Amino acid sequence: MCLSTGAIGLSQGLRSNTSVQVLIARSCGFCEAGVGLLLDSLASSYVRQLDLSENIVDNAALRLAPLLQHSTSLSELVLSGVRLGQCVAFRAAHTAEQAAERRRFVRAFGDNTSLCKLDVSNNRLGNEGAQTVAEILGCNQTIMWLNMSGNRMTHTGAMALARAVRERTTAYSSSSSSSSSSSSSVVKLEYLDLRLNNLHAHSLELLAILEPVVSTLLIEREPEFQGTIVDGVQEV
Amino acid sequence: MEQVAACTDVIAACSSTLRRLHLSCKLTSNDAPKLLAALAGAVDKFEALRELRIFSVCVRSAENMTLLGRVLSKCPQLELLQLQSCLETPHVARLMHELLGSATRLRVLLLDDNSLEDSSINSMVPLLLESRRIRVLDLSMNSLTHSAGSALGGLLAANKALIVGLDISMNELDDAGKAQADVWRRARSLSHSLIGCA
């Protein structure tokens, strides 16, 4: 059982704090319980940039929901290498309870209107996790920068993402061409990193879908691909 | 030695309108006094200095710390101070006391990669609370543990310090998750290597 003594002290301070806007706590040795405490304490904070990479997050990710739902300032969330693939929200639901957890988690991203940058790289999300991220892209309107590299995703997961990005762009085009000054217009995805996944054999197909709709796409090249290559990465 | 000479030449050539000074020298405790003495001899040029960044200059003896304290006390306009890979725990509290007493405009304090231990933070927090000046604090890549986590919690509580940005990365604030995270990182790294080979 993790005691999280460092996280306890820090979270007690953060609970009543209203000044911290940037909190970077990469690789601090926090375990799932510690991260959960920190996220609980940030639920009503004004934090703009949060980086908890290289700690153990697992199911504590579910406790992001209150922060996402209440915050109007959180614009950058970095959760790289935190074992999100172990979180029920990123796995296939086997029970009604798990399905409800997953829906709540995705809905929290949908309720948020400030998040621009999401980094969930190096989490072994697999295709099931990619499906969750695709659902997040489907309901959230503000994310414009997404790092999905290093997630053991194959064609199935990548295609789910690609379809979500394409639908989002269609919604963006509709909202931007509409004359109404609606405050709920969708933001176009500008940056997508799909490197270090198992996509080599399908990179051309993905490029065909994503190239017209994403400004910067990073994906490993297929050996016979003849496009412009920068350091082994296709930059569109 | 050549590095010290080059740095002291640069310091000697500075004008009194100097706003930003970055010194990256990789000096040992033997060579550092020469650089610090050169800085201390040129303090009248630092009236307008807003930003001072010093990298890899070993300021670990009491004498070196006194020299640095003297320099910092003559920088009334200083807004940003970075001392990366320069300090260690024993004399930090005294330096901070002098610094926060004299640099009344200091807002950004970057003390990354200094092997600072919990006792540094424990003695620094009351000074930060009293001065209520520092907005951005970088304590990444030190040797802080749960005790420092609690002290920083005290700093953040009640909003007395008005900290806006805090970086505590690469410390061992909790050792409980450390071993798990290390295993996970190694496994992931191996997995990426295999993808690269495929």
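**Figure 1. The bridge partner of Leu23(A) in β6(B) is Leu166(B).** Strand β1 (residues 22-24) of chain A runs parallel to β6(B), and three bridges join the two strands. Two strands are said to pair if DSSP finds at least two bridges between them. Strands (E, at least two residues) and helices (H or I, at least four) are DSSP runs, numbered from the N terminus. This is a predicted model, in which local features need pLDDT of at least 70 and side-chain atom pairs count only at pLDDT 80 or more, while totals for chains, interfaces and linings use all residues. Residues are numbered from 1 along each chain as its sequence is written, and chains are lettered from A and ligands numbered from 1 in the order in which they are written.

**Figure 2. The contact between chains A and B takes 37 residues from chain A and 36 residues from chain B.** Two residues are in contact if their C-beta atoms, placed from the backbone, lie within 7 Å. On the side of chain B that touches chain A, the elements that give two or more residues are α6 (146-156), β6 (165-167) and α7 (178-197). That side has 16 nonpolar, 13 polar and seven charged residues. Here Ala, Val, Leu, Ile, Met, Phe, Trp, Tyr, Cys and Pro count as nonpolar, Asp, Glu, Lys and Arg as charged, and the others, Gly among them, as polar.

**Figure 3. Helices α4 (residues 92-102) and α5 (residues 118-131) of chain B pack at an angle of about 10°, with their axes 9 Å apart.** The angle makes α4(B) roughly parallel to α5(B), a term for angles under 35 degrees. Axes are lines fitted to C-alpha atoms, for helices over the stretch in contact, and angles run from 0 to 180 degrees between N-to-C directions. From α4(B), residues including Met96(B) and Leu100(B) meet residues of α5(B), among them Met124(B) and Leu127(B). The residues of this contact divide into six nonpolar, four polar and no charged.

**Figure 4. Asp58(A) and Ser115(B) have positive phi values.** Most residues other than glycine have a negative phi. Asp58(A), with phi near 45°, is in the loop between β2 (49-51) and α3 (65-70) of chain A. Asp58(A) counts as buried because it has 21 C-beta neighbours inside 10 Å. A residue is buried if 20 or more other C-beta atoms lie within 10 Å of its own, exposed if 12 or fewer, and partly exposed in between, with C-beta atoms placed from the backbone. Ser115(B), with phi near 55°, is found in the loop between β4 (108-110) and α5 of chain B. Ser115(B) is partly exposed, with 13 other C-beta atoms within 10 Å.

How values were computed
Angles under 35 degrees count as roughly parallel, over 145 as roughly antiparallel, 65 to 115 as roughly perpendicular and the rest as oblique.
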